[in-house]
Amino acid sequence: MDLEITKKPEWSNEEIKAEIENFIEIYSERPIKNNEFGMKFPHMFAFYFILKKMKPEFVIESGVYKGQSTWLIERILPNTRILSIDIKLHYREYISNKAEYSNLDFKFQDFSKIDPEKTLAFFDDHQNSLERLKECKWFGIKHVIFEDNYPTNKGDFYSLRQIISGTGFKIHKNIFYERLKVIMIFLLFQFNSFFKEKYPLIDHHRFRANHVAPNITDLKYLNKNIEIYYEFPPIFKPIKSLTENIEYDNYKIDEPLLGDEKKNKYQIAFDEKDHYNWFTYLRLY
């Protein structure tokens, strides 16, 4: 069974390429120069382009880390309402005076009064993508971005690409080890909830689904509920994904927007080309 979604956004690769030079100047203003483990040029540019095209009135970002994405939303859309969610807000280096911050998981928020057509949910929280889509569907949110979309047997959560491939997801081959780790994390959060937050035995946070069996049922859900599926193309051809060489025979990747002959003109984009991980935009029915 294959992904049956063929509809794409209205923007073209030429429109995207025309914005690269503009974004380089914006990227040079970023408050966090060392954003290791966070977004770098390829995904920051993709996010910038989609924000500029869509102009949502409300952006929900789940996964804040140091705060670079919060800064970008604020920089591109100064009048847009921002809700920034993270269970570890103490990692922030950039703290917006405009954004609302919350350590309550996305699924526990109150989105009953949002305009679904003018709301964008941005996920960089490394949680089960299928569950996040179901939550967006429940809230009526139409526009969704997954900052990471790992190929089969890669990454640390169940991704859209793994759903499409039908391969399921495992972090470790040793299931006993993985189950034990989840139990320990759960107990740690409950300990903190009881003694620090005074909310005993309440699931304020969610945890990564540790294993998903291979199946085609989840792909059927995507085909039924997604109108647009769009993997933002890389700017330059990446060589590595995380620390491993990309196996192009096994992992489909779109043609890059630029050839390597342009690297001197767009040096920062070329230097950070390997920080590309199939940044994906969806529109739900």
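This report describes the strands, helices and packing contacts of one predicted protein model.

## Overall composition

The chain contains eight helices and 11 strands. Of its 285 residues, 52% are buried. Among contacts in the chain with a separation of 6 or more, 70% are accounted for by residues 24 or more positions apart.

## The sheet

Seven strands build an open sheet with mixed pairing, and their order is S3-S2-S1-S4-S5-S11-S8. From one strand to the next, the twist averages 15°.

Strands of a sheet pair through backbone hydrogen bonds, and the pairing may be parallel or antiparallel. Both kinds can be followed here. Strand S1 (residues 58-62) is joined to S4 in the parallel sense over five bridges, and Ile60 stands opposite Ala121 of S4. On the S5 side, S4 pairs with strand S5 (residues 143-146), also in the parallel sense, over four bridges. Within that pairing, Phe123 has Phe146 of S5 as its bridge partner. By contrast, S8 and strand S11 (residues 280-284) run antiparallel and are joined by five bridges. In this pair, Ile226 stands opposite Leu284 of S11.

## Strand S4

Strand S4 covers residues 119-123, and five of its five residues are buried. In a regular strand the side chains alternate between the two faces of the sheet. In S4, Thr119, Ala121 and Phe123 point one way, while Leu120 and Phe122 point the other way. The residues of both groups are buried.

## Helix H4 and its surroundings

Strand S4 is followed through helix H4 (residues 129-139) to S5, and these three elements make a right-handed β-α-β unit. Helix H4 packs on the sheet, where it touches S1, S4, S5, S8 and S11. The direction of H4 makes about 165° with that of S5.

Helix H4 also meets helix H7 (residues 217-225). The axes of H4 and H7 come within 11 Å and cross at roughly 35°, and this crossing is left-handed. On the H4 side the contact is made by Leu130, Leu133, Lys134 and Lys137; on the H7 side it is made by Asp218, Tyr221, Leu222 and Asn225. By class, the contact consists of four nonpolar, one polar and three charged residues.

## Helices H2 and H3

A further helix pair is formed by helix H2 (residues 41-54) and helix H3 (residues 68-76), whose axes come within 10 Å and cross at roughly 35°. The crossing of H2 and H3 is right-handed, whereas that of H4 and H7 is left-handed.

Helix H2 contributes Met44, Phe47, Tyr48, Leu51 and Lys52 to the contact. Helix H3 contributes Gln68, Ser69, Trp71, Leu72, Ile73 and Ile76. These residues divide into eight nonpolar, two polar and one charged.

Note on methods
Residues numbered from 1 in each chain as written. Predicted model: local features only at pLDDT ≥ 70, side-chain atom pairs only at ≥ 80, totals over all residues. Heavy atoms only, no water. Buried < 20%, exposed > 50% of the residue type's maximum accessible area, 1.4 Å probe, protein only. Helix = DSSP H or I, 4+ residues; strand = E, 2+ residues; numbered from the N terminus. Pairing = 2+ DSSP bridges. Right-handed = clockwise from strand over helix to strand, strands pointing away. Axes fitted to C-alpha atoms, helices over the stretch in contact; angles between N-to-C directions. Left-handed = near helix turned anticlockwise from the far one by under 90°. Contact = heavy atoms within 4.5 Å. Nonpolar A, V, L, I, M, F, W, Y, C, P; charged D, E, K, R; others polar.
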